[in-house]
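Biologist: I would like to go through this structure step by step. Please show it first, and then I will ask.

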Amino acid sequence: MEPGAWENRTAVTEFILLGLTGNIGLQPILFAIFLFAYIVTVGGNFSILVAVFVEPKVHTPMYYFLGNLSLLDIGCISVTVPPMLVCLLAHQCRIPYAACISQLFVFHLLAGVDCHLLTAMAYDRYLAICQPLTYSTHMNREVQGGLVGICCTISFINALTHTVAVSVLDFCGPNVVNHFYCDLPALFQLSCSSIHLNGQLLFVGATFMGVIPMILISVSYAHVAAAVLQICSAEGRKKAFSTCGSHLTVVCIFYGTAFFSYMRLGSVSASDKDKGIGILNTVLTPMLNPVIYSLRNPDVQGALKRVLTGKRTPA
C-alpha cells in the first residue's frame, strides 16, 4: 500500500441492507406477510413454552428441552424480523456498524445453542428408549441443566470468535449488504482486507456447530432404531418412533438450511438465493417447530388445549 493510502480510506460507520426487495409496491405486502409470520411464530412457541412449564403432565426432560427450543426460536426470529419490518415501513434500511455486529453475535449465539440443543434432545431419546431402567438417573434435573449450560457455552465461544474476527476486518466501502440482516457471508464480500482467517474459522465453526452434532444425532438414532426394531409389538414400535418423529423432522429442516448457508466454502458471495435460505433459517423453521411438535405429539396437544381453555390436569 502506498504511503498515505490508509489515511485516504474511509472507515464504514454504517451498513445499508438491501432487504428482500427494492420494489416499493411489494414492500407493504411483504410487511404484512412477515408480520403475520412473526406473530404466529412468537405466539405458537410461547404457547408451547407456557404449556411445558405450567402443565405437570409434561414436566419431563424431553419437554424441558422442547421449552428451551421454543424460547430460542422466539429469540432467533426476534433478532432478525422486527428490524426487517421497520426497514420495510421506512423503505430503506441503514444499520450502524455496532448494531450490525451485535445482531451477528446474538443470532449466531441463539442459532448455535439451537444446534447443540437438538443434539441433547437426541441423546435424551437415546437414553429413554435404549436405557429406560436408568433413564431417570442419567437424565435428572442436574444433567438437564448441565446439558443446556454446555450448549450455551459452546455457542457463546463460537459466536464470540466469529464476531471478534469480523470486527477486526477493514470495511472501507462499499457498505451495501445484499441481505435483510447482518450475517457472515454477506459481510465477508464487503471487506477490503483478507478474509482467509475468517474462512478457516467458518470451516472450524461449521464442524463443531454442524458436523459433530449431526454425527452424534445420527449415532443416537442408529441405536434408537436398533432398539425399536427389537420391540415385538407393532404398537410399541409405533409409539417409540412417534416420540422421535417430531425431533427428526425439525433436525432435517434446521440442519438442511444451515448447511446450505454456511458450508458452501467455495463462495462467500451473497445472492438472492441466500435471502431465501435466510428466510428458511430465521422465519420458516421457528414457525414450523411448534406446528410439528403439536401435530405429532398428543401430550403437547393436550397440554396446549388445557392451557388455552384454562383447565387443569385432573389429579
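Modeller: Here it is; note that this is a predicted model.

Biologist: How many helices and strands does the secondary structure come to?

Modeller: From the N terminus on, the elements run α-β-α-α-β-α-α-α-β-α-α-α-α-α. Counting by type, the secondary structure of the protein comes to 11 helices and 3 strands.

Biologist: In what order do the strands lie in the sheet?

Modeller: Strand S1 covers residues 14–17 and is joined to S2 by 3 bridges, the two running antiparallel. In that pairing, Ile 16 stands opposite Arg 94 in S2. The sheet is open and its pairing is mixed. The edge strands, which each pair on one side only, are S2 (94–96) and S3 (176–177), and the order is S2-S1-S3.

Biologist: At about what angle to S2 does helix H4 run?

Modeller: Helix H4 spans residues 97–130 and lies across S1 and S2. Its direction relative to S2 is about 85°.

Biologist: How far does helix H6 reach from its first C-alpha to its last?

Modeller: Helix H6 takes in residues 141–167, which is 27 residues. At 1.5 Å a residue, 39 Å would be expected. The reach in the model is close to that, at 38 Å.

Biologist: Which residue caps the N-terminal end of H6?

Modeller: The cap is made by a side-chain oxygen that lies 3.1 Å from the backbone nitrogen of Glu 142. The residue that supplies this oxygen is Asn 140.

Biologist: What covers the buried residues of H6?

Modeller: The buried residues of H6 include Leu 147, Val 148, Cys 151 and His 162. Several helices take part in covering them. Included in the cover are H3 (61–90), H4, H7 (184–188) and H8 (196–229).

Biologist: Is Thr 163 buried or exposed?

Modeller: Thr 163 has its place in helix H6. Leaving aside neighbours within four places in sequence, it is in contact with Ile 101, Leu 104 and Phe 105. Its relative accessible area is 10%, and the limit for a buried residue is under 20%, so Thr 163 is buried.

Biologist: Which residues does Ser 220 touch, not counting residues up to four places away in sequence?

Modeller: Ser 220 sits in helix H8. It counts as buried because its relative accessibility is 10%. The residues it touches are Ala 122, Tyr 123 and Tyr 126.

Biologist: How many Å apart in space are Phe 31 and Leu 88, C-alpha to C-alpha?

Modeller: Phe 31 belongs to helix H2, residues 27–54. It touches Leu 85, Leu 88 and Leu 89, with residues up to four places away in sequence not counted. Phe 31 and Leu 88 are 57 residues apart in sequence, while their C-alpha distance is 6.2 Å.

Biologist: What share of the residues of the protein count as buried?

Modeller: The protein has 315 residues. Of these, the share that count as buried is 44%.

Biologist: Which element has the lowest mean pLDDT?

Modeller: The mean pLDDT of the protein is 82, and 87% of its residues reach 70 or more. Among the elements, H6 has the highest mean, 94, and the lowest, 41, belongs to helix H1 (residues 5–8). Over residues 1–10 the pLDDT is below 50, and this stretch has 8 contacts beyond near neighbours in sequence. Where pLDDT is low, the predicted coordinates should not be read in detail, and the element with the lowest mean is H1.

Notes:
Residues are numbered from 1 along each chain as its sequence is written. This is a predicted model: local features need pLDDT of at least 70, side-chain atom pairs count only at pLDDT 80 or more; totals for chains, interfaces and linings use all residues. Side-chain values use heavy atoms; hydrogens and water are left out. Two strands pair if DSSP finds at least two bridges between them. Helices (H or I, at least four residues) and strands (E, at least two) are DSSP runs, numbered from the N terminus. Contact means heavy atoms within 4.5 Å. Axes are lines fitted to C-alpha atoms, for helices over the stretch in contact, and angles run from 0 to 180 degrees between N-to-C directions. The expected span of a helix is 1.5 Å times one less than its number of residues. Buried means under 20% relative accessible area, exposed over 50%, partly exposed in between (1.4 Å probe, protein chains only). A polar contact is a pair of N or O atoms within 3.5 Å; within protein, one must be able to donate a hydrogen and the other to accept it, and residues adjacent in sequence count only if both atoms are side-chain atoms. pLDDT is the predictor's confidence in each residue, from 0 to 100.
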